[in-house]
Amino acid sequence: MKAVRLCVACVLLSATPLAAADRYAVVISGASGGSPYAEKYDGWRDKFVATLEDTLGYPRDHVIVLAEKAGPPARRATREEVRAVFQDLATRVTSDDLLLVLLIGHGTSGDEGARFNLVGPDLTAAEWAALVRKVAGQLVFVNAGSGSFEFLEALSGRGRVVVTAADSAAQQYETVFPQFFIDAFGQEQADLDRNGKVSIWEAFQAASAAVKDWFDDQGRLATERPLLDDNGDGIGREAEDGGASGPKAADGPLARTTYLQRDAPAAVPADAALAGLVRQRTEVQTRIERLRAGKADVPPEQYERELEALLVELARLERQIRSKS
């Protein structure tokens with residue numbers, strides 16, 4: 001095993017990833033229910049859009065904004081507009097891209113399922129799931145509003161990161177999670193591994209801690225406990241579950257290696273066969289990163305076995321790439 005790792009060390013250092021995938025974002029602030037809420041939601045939404053465009057470099061046509069009141073660049077947050085947005089994204093987003101959906105506002109849970117409050121008729125969690133199902137690529141879906149808990153199971157799936165502000169259907173009070181989640185992407189202290197960028201997991205960790213502190217400072221019983229699911233089981237995990245065992249402990253590896261920033265672009269080989277090998281190499285490198293990120297949640301023997309298999313596969317691909325270069 002040590003020999004394999006030493007052999008592959010040079011491979012990891014010299015490997016160049018395929019051209020960076022595109023990033024898209026849908027940011028929606030729904031029906032506010034009054035001017036105090038409207039002002040707050042508008043502020044959060046505008047700050048996050050500015051972060052995406054000005055700090056993280058998203059092209060403006062890759063950031064779709066819907067709000068209670070239409071006005072450039074926002075379209076009105078109606079059910080029809082939401083459907084139109086995802087129909088358009090289904091034609092634009094490829095399997096290599098990442099799509100972030102952030103919902104800011106009110107929501108409800110009931111016999112007919114959880115809903116996010118739009119202007120006019122709402123969409124249920126099941127309807128949101130049907131909309132995103134048509135869009136290729138990796139999905140990060142964050143329902144930061146009240147009544148969000150049931151979205152966790154409805155939106156959960158392989159290759160997805162789903163975050164909710166609540167951990168039960170009973171939690172339908174106003175949330176402060178969106179403020180702290182958005183703030184995290186501009187905070188140096190949120191970058192726990194000091195790699196110069198904030199992952200979805202790190203933003204979730206920072207926001208969860210800030211929510212707890214906010215309620216403590218207010219002397220109030222917490223009415224929201226954020227959850228994250230990224231293993232597709234729809235169960236979710238709190239930020240403080242780092243030492244847990246069982247199903248909850250499996251969440252986190254994907255979110256830890258998912259960033260809103262694009263990677264630096266690299267040249268794509270003109271040869272189709274070589275480009276395919278480079279793409280496979282990138283996928284294996286990503287799997288290695290995610291396995292390492294989740295090392296604490298995997299039995300040692302399983303971790304060693306899976307890592308060795310991935311390193312051997314990476315070395316094989318590198319040999320093939322060099323032979324064609």
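Which residue in β2 is the bridge partner of Val-27? I started my notebook with that one, and the bridge partner turns out to be Val-65. Before going on, I note that I am looking at a predicted model.

**Entry 1**

Strand β1 covers residues 23–29 and is joined to β2 by four bridges, with the two strands running parallel. Both belong to an open sheet of seven strands, and I wrote its order down as β3-β2-β1-β4-β8-β9-β10, with mixed pairing. At the edges I found β3 and β10 (227–229), each with a single partner strand, so one side of each has no neighbour in the sheet.

Further along, I looked up β8 and β9, which run parallel and are joined by five bridges. There, Asn-143 stands opposite Thr-164 in β9.

**Entry 1: inside β2**

Is β2 mostly covered or mostly open? Mostly covered: five of the five residues in this strand (63–67) are buried. I checked which way they point. Val-63, Val-65 and Ala-67 go one way, Ile-64 and Leu-66 go the other way, and all are buried.

The peptide bond from Pro-72 to Pro-73 is cis, with omega near 5°.

Strand β6 (residues 115–116) is joined to β7 by two bridges, and Phe-116 stands opposite Leu-123 in β7.

I stopped at Thr-108, which is in β5. Is Thr-108 buried, partly exposed or exposed? It counts as partly exposed, because its relative accessibility is 32%, between the 20% and 50% cut-offs. Leaving out residues up to four places away in sequence, Thr-108 touches Gly-113, Ala-114, Arg-115, Asn-117, Ser-146, Gly-147 and Gln-172. I also looked at Ala-170, which is 62 residues from Thr-108 along the chain, and the C-alpha atoms of the two are separated by 9.4 Å.

Why is helix α6 (residues 177–184) largely enclosed by the rest of the structure? Seven of its eight residues are buried, so that settles it. I listed the buried ones as Phe-177, Pro-178, Phe-180, Phe-181, Ile-182, Asp-183 and Ala-184. What covers them includes α2 (35–55), β4 (98–104), β8 (138–143), β9 (160–164) and α7 (200–218).

In the loop between α6 and α7 I found Arg-194. Its phi is near 55°, a positive value in a residue other than glycine. Arg-194 counts as exposed, because its relative accessibility is 55%.

**Entry 2: the cores**

Which residues touch the most other members in the largest nonpolar core? Of its 45 residues, they are Phe-48, Leu-52, Val-142, Phe-177 and Leu-260. The element that gives the most to this core is α7, with eight residues. A second, separate core has 31 residues, among them Ile-28, Val-82, Leu-99 and Leu-103.

I went back to Val-142 for its contacts. Not counting residues up to four places away in sequence, Val-142 touches Leu-100, Val-101, Leu-102, Leu-103, Val-163, Phe-177 and Phe-181.

Arg-23, Leu-56, Gly-57, Tyr-58, Pro-59, His-62 and Arg-262 line the largest cavity. By class, that lining has three nonpolar, two polar and two charged residues.

Last, I looked at the second largest pocket, with a volume of about 290 Å³. It is lined by 16 residues, and those nearest its centre are Ser-208, Lys-212, Arg-225, Glu-238 and Glu-240. Sorted by class, the lining of this pocket has seven nonpolar, two polar and seven charged residues.

Note on methods: Residues are numbered from 1 along each chain as its sequence is written. This is a predicted model: local features need pLDDT of at least 70, side-chain atom pairs count only at pLDDT 80 or more; totals for chains, interfaces and linings use all residues. Side-chain values use heavy atoms; hydrogens and water are left out. On a 1 Å grid over the protein atoms alone, a cavity is a set of points where a 1.4 Å probe fits but cannot get out, and a pocket is an open set with protein on both sides within 12 Å along at least five of seven lines; lining residues have an atom within 4 Å of a point. Ala, Val, Leu, Ile, Met, Phe, Trp, Tyr, Cys and Pro count as nonpolar, Asp, Glu, Lys and Arg as charged, and the others, Gly among them, as polar. Buried means under 20% relative accessible area, exposed over 50%, partly exposed in between (1.4 Å probe, protein chains only). Contact means heavy atoms within 4.5 Å. Grid points are joined across faces, edges and corners, and a volume is the space filled by probe spheres set on the points. A nonpolar core is a set of buried Ala, Val, Leu, Ile, Met, Phe, Trp, Tyr and Cys residues joined through side-chain atoms within 4.5 Å. Two strands pair if DSSP finds at least two bridges between them.
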